[in-house]
Amino acid sequence: MNRGKIENTNNILGERIKKRREELGLTMEDLAVKIGVSKSSIYYLENGTNKPRLDTLQQISEQLHCSISYLIGEDEIKEDSLITTVEENGILYKIFLNKHKFPNGLTYEQMCGKIKLLEENLNKKSSDK
C-alpha cells in the first residue's frame, strides 16, 4: 500500500474532525470527554499523527453528527444536516434526513416501515394515557 495515500487520508481525517468539531463549537477536551479519550488523543488525530480505531471513529462520527464517509473524505456534509435519532427495541437508528442515508443499510422501504411502526407505537402510547 502506498504510504503517501495513508498519510493523505490521515490528514483529511484530522482536518475534517477539527473542522466539524469547531463547527459544533466543541473544544478538543469536549470531544475527548464525549468519546472517552484524552485531549491529547484528539490533538494527535487532528494533526494526522495517530489513526483512530474503528470503534473510536464511530464514536467521533456520532458526536460530530456526521458520517464516517465524511470524516475519511469520501463524502461531503451539508451545512444544514439534520440528524434524527430514534430508538426502537434497544437499537439506535440515526437518520440523515437531507442525505437520504439510513442506518444499518436499510432501504427506503424498510425505513418507511420503521417510521410507520414508530408512529403506531406513539399513537398507541398517547391513546393509553
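I42 is buried, at a relative accessible area of 0%; buried here means under 20%, exposed over 50%, and partly exposed anything in between, worked out with a 1.4 Å probe on protein chains only. This is a predicted model, so to speak for local features a pLDDT of at least 70 is needed, side-chain atom pairs count only at pLDDT 80 or more, and totals for chains, interfaces and linings use all residues. Residues are numbered from 1 along each chain as its sequence is written, and side-chain values use heavy atoms, with hydrogens and water left out.

I42 sits in helix α3; helices are DSSP runs of H or I with at least four residues, numbered from the N terminus. Leaving aside residues up to four places away in sequence, I42 touches M28, L31, A32, I35 and V37, where a contact means heavy atoms within 4.5 Å. M28 is 14 residues from I42 in sequence, with 6.0 Å between the two C-alpha atoms.

Helix α2 (residues 28-35) and helix α3 (residues 39-46) have axes that come within 8 Å and cross at roughly 110 degrees. This makes α2 roughly perpendicular to α3; the label covers 65 to 115 degrees, while under 35 is roughly parallel, over 145 roughly antiparallel and the rest oblique. The axes are lines fitted to C-alpha atoms over the stretch in contact, and angles run from 0 to 180 degrees between N-to-C directions. On the α2 side, M28, E29, L31, A32 and I35 take part, meeting K39, I42, Y43 and E46 of α3.

What about aromatic rings? The structure holds 1 aromatic pair. Y43 and Y44 make up this pair, edge-to-face, with 5.3 Å centre to centre and 75 degrees between the planes. Rings of Phe, Tyr and Trp (its six-membered ring) pair if their centres lie within 6.5 Å, and planes under 30 degrees apart are stacked, over 60 edge-to-face and the rest tilted. Y43 is partly exposed at 42% relative accessible area, and Y44 is partly exposed at 37%.

Further along, S69 lies in helix α5 (residues 68-71) and counts as partly exposed, at 26% relative accessibility. S69 and L13 are 56 residues apart in sequence, yet 9.8 Å apart in space, C-alpha to C-alpha.

As for confidence, the protein chain averages a pLDDT of 77, and 69% of the residues score at least 70; pLDDT is the predictor's confidence in each residue, from 0 to 100. Over residues 1-7 pLDDT stays under 50, and the model has 2 contacts beyond four places in sequence for that stretch.

Methods. Helices (H or I, at least four residues) and strands (E, at least two) are DSSP runs, numbered from the N terminus.
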